[in-house]
Amino acid sequence: MASSSGETRAVRKGFVEVDGRLVHYRYAGNGPAVVMLHDSPRSSRLHRETMARLADHYRVYALDTPGYGASSPLDAGRPTIAMFSAALGRTLEAMGLASAPLYATHTSAKIALDHAARSGNPPRLILDGLSIPAGPPDVPFIEAYMRPFRLDDAGGYLATEWTRMRDMLRWFPWFTPTPAARMPIAGQGDAWIADYVLDLLSAGPHYSSAYAAAMYYDPMPALRTVRCPTVVAARADDVLFASLERVPAHDNDALTVMRLPADGTAWLEWLVGMFAEAPVLPEPPDAKDAAAVYTTLPHGQMLVRRAGHGLQPLLILDAPTTLHARQWQDALGDRPTLVPDLPGYGGSGPLPVASIEAAADALAAMIDALGLDRVDVLGLGFATPLAAAFAARQGDRVGRVVLDGCFAVDDAERDAFAAALCPDPGFDRAGGHLHRIWHMLRDGEAQWPWFDGAPSAQRTLDPLLSAAALHPALVAILEQPAHYGDIARAAVQCPAAARYAVFAPPALILDHPDDPAYRAAGTVAALLPDARLATRAAHVADTCAIVCTFLDDAVPHPAGASRTVENAI
C-alpha cells in the first residue's frame with residue numbers, strides 16, 4: 001500500500017509457523033501492539049487501509065484465519081469455532097501477542113470470543129459485528145448458503161464463484177434472488193470487488209470453513225462466561241446491528257454494548273480509543289526457516305517458498321508465474337529448494353525499474369537475507385536469462401546452473417512479443433478478466449508463445465492443466481495484474497545477442513528439440529565455458545534424475561568443455 005506518511009504507515013507481510021502450519025499476517029506502525037482479525041471469506045487484506053491509519057498510534061498486526069489469505073488450512077474436514085479459537089491462541093502465543101488487545105469482526109468475532117472465554121486473554125476484546133441468532137442453527141439454510149467451492153479443470157468454477165460473489169452483494173440470502181431479499185445497500189466499486197474476489201479465490205475450497213463454523217456456533221455461553229473486558233459493537237449500517245439487542249450485558253459485567261454511527265471517520269476515531277491501553281511488546285520472532293518467508297529488500301519484500309533439507313539449496317526461477325517452479329519443487333522432494341515470487345508477481349513487490357540486472361541483484365539480496373552462502377540455480381523458460389545473469393554476477397556464490405527452456409526471440413519482434421506475452425488482464429464486472437488469465441495460462445501449456453496458434457507453436461512437453469496447479473498462478477496474477485510479467489518482459493526485451501550472460505559455473509542446458517520454447521538451447525550451451533546438453537524428458541519427474549545427477553556430480557570438468565550429457569554424467 002502506498003504510504004501517505006512515510007515508513008511508519010507501510011503495510012508489510014510475514015509468516016509464522018505454528019503446529020506445522022503457516023500463518024500469514026500483515027503488520028504496520030510502531031508502538032503499542034494490537035491485533036486485528038477479519039471476516040469470511042476475506043483475509044488481512046481487508047484491514048490494510050485501517051492498519052495504515054492506526055499505524056500512527058500502534059504496532060498493528062492483522063492475521064489471516066487458517067484457510068484464508070495465505071494461511072494454511074486446519075487439518076479437519078469440517079472445523080469448528082473451537083478449533084479455530086485454539087489455533088488463534090497458539091498463534092498469538094507463538095508471536096508473543098497473547099497480551100495484546102484483540103479486534104475481531106463478523107466471523108472472527110466468534111473465533112475471538114471463544115478464544116477469550118477459554119483462555120482469559122486478551123486484556124481487552126473488541127467484537128465489531130457479532131451474530132447472535134434468535135434461534136438454533138438452520139441447517140438447510142447453512143448448507144445452501146455455504147455451497148462448496150469446487151475447482152474444476154475446465155475453469156467453469158470461475159463463472160460460478162464470480163456469480164455467487166456478485167449475488168452476495170445484492171440479496172440475502174444470495175441464493176434467493178427476489179425483490180424481498182434485496183439488501184438496501186449501495187453497490188460496491190470495482191476496487192472493492194477486485195479485493196473481495198481475490199480473497200474469495202485465495203480461500204478457494206476452504207471458502208466455507210470458518211464461515212460455516214460461525215453459522216453453527218452459539219455465542220451465548222461464551223458471552224455469559226467471558227471474563228476479560230469485552231466490547232460488543234456494531235455500526236448502524238452493519239447487517240448485524242440488530243444482534244446488539246441480544247447481548248446479555250445484564251448477566252455479565254465484563255460486557256459493554258456500543259452502538260456506533262455509520263460514519264467511517266467516527267468509527268476509526270472510536271477504534272483508536274478502544275486500543276488506548278495497549279502494551280508495547282517485542283516483535284514476533286524471525287521465521288526465516290519456515291516453509292514460506294518474506295525477505296525485506298531495498299525495493300520491498302520478496303516472498304520465498306522453501307522445501308526439503310540441506311545446506312546448499314537449489315534456487316528455482318520461473319517467469320512470468322511460478323507454475324512450473326512449484327511443479328519442480330514438488331518433484332524434487334526432499335532436496336532443498338527455494339522458489340521466489342519474482343519482483344512484481346504474487347507476494348513480491350515490483351522493482352522501481354524492471355530489468356534482468358536489477359532482478360539478479362534483488363535475488364542476491366534475498367540470498368543474503370536468508371543467511372545463505374551458496375546456491376545452485378535452476379532457471380525455467382522466460383527466467384533462464386535471469387538465471388544466467390545471476391550466475392554471471394554472483395559466480396562465486398553459485399555452485400551449478402541448470403537452464404530449462406532457453407528461448408529465442410528475434411530483435412525485430414521482441415517489443416511486440418513482450419507486450420503480448422504478459423498483458424494486464426484489467427477488470428471486468430462480468431468476471432471476464434478471470435477467464436482471460438485462465439486461458440492465457442492454459443494456452444501457454446499447449447503452445448509457445450501462448451498467443452500463437454500456428455502449428456509451429458505447438459508444444460511437445462506434457463501440459464500442466466489441472467486446476468490445482470493453475471489456480472494458485474491465477475490468484476498470484478490477480479495480486480499484481482500490472483506487474484506480474486515485469487521480469488518475463490524484461491527478459492524478452494533484452495537484445496538477442498546479450499540475452500544470455502556468459503558465466504563460469506558448470507551448466508546443464510536442457511533441450512527438447514521438437515518444442516518451440518527450446519530453440520536457443522544449443523546456442524546458449526555453445527556460449528558457456530563449461531556446459532553440456534541433455535534431452536529433457538516430457539515429464540518433470542523423469543527429468544529430475546538427470547538434474548540431480550548433474551548437481552551432485554563432484555568431478556571437475558575442464559574449461560571450454562561443451563558436451564552432451566550422455567558423455568558427461
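# Briefing: an open sheet, an enclosed helix and salt bridges

An open sheet is formed by 8 strands, in the order β1-β2-β4-β3-β5-β6-β7-β8, with mixed pairing. The model is predicted, so local features need pLDDT of at least 70 and side-chain atom pairs count only at pLDDT 80 or more, while totals for chains, interfaces and linings use all residues. Residues are numbered from 1 along each chain as its sequence is written, and side-chain values use heavy atoms, leaving out hydrogens and water.

**The sheet**

- Strands (E, at least two residues) and helices (H or I, at least four) are DSSP runs, numbered from the N terminus.
- Two strands pair if DSSP finds at least two bridges between them.
- Strands of a sheet pair through backbone hydrogen bonds, either parallel or antiparallel.
- At the edges are β1 (12-18) and β8 (255-260), each of which pairs on one side only.
- From one strand to the next, the twist averages 25°.
- Strands β2 (residues 21-28) and β4 (residues 59-63) run antiparallel and are joined by 4 bridges.
- Opposite Tyr25 stands Leu63 in β4.

**Helices on the sheet**

- Helix α2 (residues 81-95) packs on the sheet and touches β1, β2, β3 (33-36), β4 and β5 (102-105). Contact means heavy atoms within 4.5 Å.
- The direction of α2 makes about 110° with that of β1. Axes are lines fitted to C-alpha atoms, for helices over the stretch in contact, and angles run from 0 to 180 degrees between N-to-C directions.
- Helix α9 (residues 264-274) lies across β3, β5, β6 (125-128), β7 (230-235) and β8. Helix α9 runs at about 175° to β7.

**The enclosed helix α12**

- Helix α12 (residues 384-393) is largely enclosed by the rest of the structure, because 8 of its 10 residues are buried. Buried means under 20% relative accessible area, exposed over 50%, and partly exposed in between (1.4 Å probe, protein chains only).
- Among the buried residues of α12 are Thr384, Pro385, Leu386 and Phe390.
- The cover over these buried residues includes β11 (314-319), α11 (356-369), β13 (375-381), β14 (398-404) and α16 (486-493).
- The axes of α11 and α12 come within 9 Å and cross at roughly 65°.
- Residues in the contact include Ile356, Leu363 and Ile367 of α11, and Leu386, Ala389 and Phe390 of α12.

**Salt bridges**

- The whole structure holds 27 salt bridges, each a side-chain nitrogen of Lys or Arg within 4 Å of a carboxyl oxygen of Asp or Glu.
- Arg9 and Asp56 meet through their side chains at 2.7 Å, N to O. Arg9 lies in the segment before β1 and Asp56 in the loop between α1 (48-54) and β4, so the pair ties together parts 47 residues apart in sequence.
- Arg9 is buried at 18% relative accessibility, whereas Asp56 is partly exposed at 43%.
- Arg45 and Glu479 form a salt bridge at 3.0 Å, N to O. Arg45 lies in the loop between β3 and α1 and Glu479 in helix α15 (residues 467-479), so the pair ties together parts 434 residues apart in sequence.
- Arg45 is buried at 6% relative accessibility, while Glu479 is partly exposed at 31%.
- Asp341 and Arg305 meet in a salt bridge at 3.0 Å, N to O. Asp341 is buried, with a relative accessible area of 2%.
- One network of salt bridges that share partners joins Arg42, Arg45, Asp199 and Glu479.
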